[in-house]
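Walk through this structure with the coordinates open.

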Amino acid sequence: MLAGLAWPVELRTHPRARRLRLVLDEHRGLLRLTVPRRVTRSAALDWARRQSNWVEAQLARIEPAEPLVAGATIPFDGGEVLLCWNDAAPRTPRLFDAVLTCGGPPERFSDRIAGWLRDEARRRLVEETRALTASSGISDAPVSVGDAGTRWGSCSASGAIRYNWRLILAPPAVRAYVVAHEVAHRVHMNHGAGFHALQAELYDGDVGEARLALRRIGPRLKRVGRG
Ligand SMILES: [Zn+2]
């Protein structure tokens with residue numbers, strides 16, 4: 001596995017290849033990297049690492065969207081949750097025993113589930129951010145959630161933190177890494193050495209592992225609620 005890429009890379013030197021080429025092999029679940037003879041292995045891997053956005057886009061394209069429909073199973077907070085519609089249940093979704101149930105008009109089912117997930121994301125992320133700022137002595141930040149495209153979180157110049165609501169679908173340890181990252185930006189508005197030191201201090205775990213885990217599960221999280 002190459003740091004920065006979600007899939008393992010198989011490297012092949014090809015005497016007649018004229019340029020570097022990366023191909024997603026869906027069936028074998030790996031990336032094939034073709035390397036011309038004159039290019040070194042480390043230069044080739046550096047180049048491949050810089051294609052991570054392309055790899056993510058390819059993965060999102062080949063794998064189907066996961067709409068929030070009754071009967072679907074979605075990732076949630078490190079586990080899986082079954083979505084269930086029940087005529088007799090209240091309109092407000094309720095989570096019990098890994099089953100998220102709601103009633104009301106079936107045509108609004110997806111909207112109600114999506115709303116509940118966003119509310120839950122906001123509630124937890126506000127709580128987790130507060131807990132971290134309080135324990136580290138960093139001043140409190142306004143927190144909001146949205147669907148920030150390809151980003152998992154952002155911290156504005158004014159110090160406001162915005163998270164992608166899909167983080168509620170991720171395991172708590174992965175979410176905690178994004179929280180530590182954004183809280184560290186409250187002190188350092190860059191990705192310099194001071195920032196990385198603070199991020200490592202704020203995160204209770206291995207930052208590199210958490211970042212890789214997010215890259216690996218990210219494409220799936222982004223498919224949930226689409227289509
Ligand atoms: Zn950052």
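Two strands count as paired if DSSP finds at least two bridges between them. The model here is a predicted one. By that rule, strand E8 and strand E10 (residues 161-164) pair: four bridges join them, and they run parallel. Look at Ser 144 for one of the contacts. Its bridge partner in E10 is Arg 162.

Now widen the view. E8 and E10 belong to an open sheet of three strands, ordered E8-E10-E9. The pairing in this sheet is mixed. Strand E8 (143-146) and strand E9 (153-155) are the edge strands, and each pairs on one side only. On average, neighbouring strands of the sheet are turned by 20° against each other, direction ignored. A helix packs on this sheet: H3, residues 109-136. Helix H3 touches E8 and E10. The direction of H3 makes about 150° with that of E8.

Strand E5 (residues 79-85) runs parallel to strand E7 (residues 99-102), and four bridges join the two. Cys 84 stands opposite Thr 101 in E7. Strand E6 (residues 94-96) also pairs with E7, but in the antiparallel sense and over three bridges. Here Arg 94 has Thr 101 of E7 as its bridge partner. E6 and E7 form a hairpin with two residues between the strands. Asp 97 in this hairpin takes a positive phi near 55°. What holds such strands together? Strands of a sheet pair through backbone hydrogen bonds, either parallel or antiparallel.

Last stop: the metal. Which residues coordinate the zinc ion? They are His 181, His 185 and His 191, each through NE2, at 2.0 to 2.1 Å. Along the chain, the donors follow the spacing H-x3-H-x5-H. His 181 lies in helix H4 (residues 172-185), whereas His 191 lies in the loop between H4 and helix H5 (193-202), so this pair ties together parts that are 10 residues apart in sequence.

Are His 181 and His 191 buried or exposed? His 181 counts as buried because its relative accessibility is 16%, and the cut-off for buried is under 20%. His 191 is exposed, with a relative accessible area of 53%; exposed means over 50%.

Conventions. Residues are numbered from 1 along each chain as its sequence is written. This is a predicted model: local features need pLDDT of at least 70, side-chain atom pairs count only at pLDDT 80 or more; totals for chains, interfaces and linings use all residues. Side-chain values use heavy atoms; hydrogens and water are left out. Donors are N, O and S atoms within 2.8 Å of the metal (3.2 Å for Na, K and Ca); water is not among the atoms, so sites may look incomplete. Buried means under 20% relative accessible area, exposed over 50%, partly exposed in between (1.4 Å probe, protein chains only). Axes are lines fitted to C-alpha atoms, for helices over the stretch in contact, and angles run from 0 to 180 degrees between N-to-C directions. Contact means heavy atoms within 4.5 Å.
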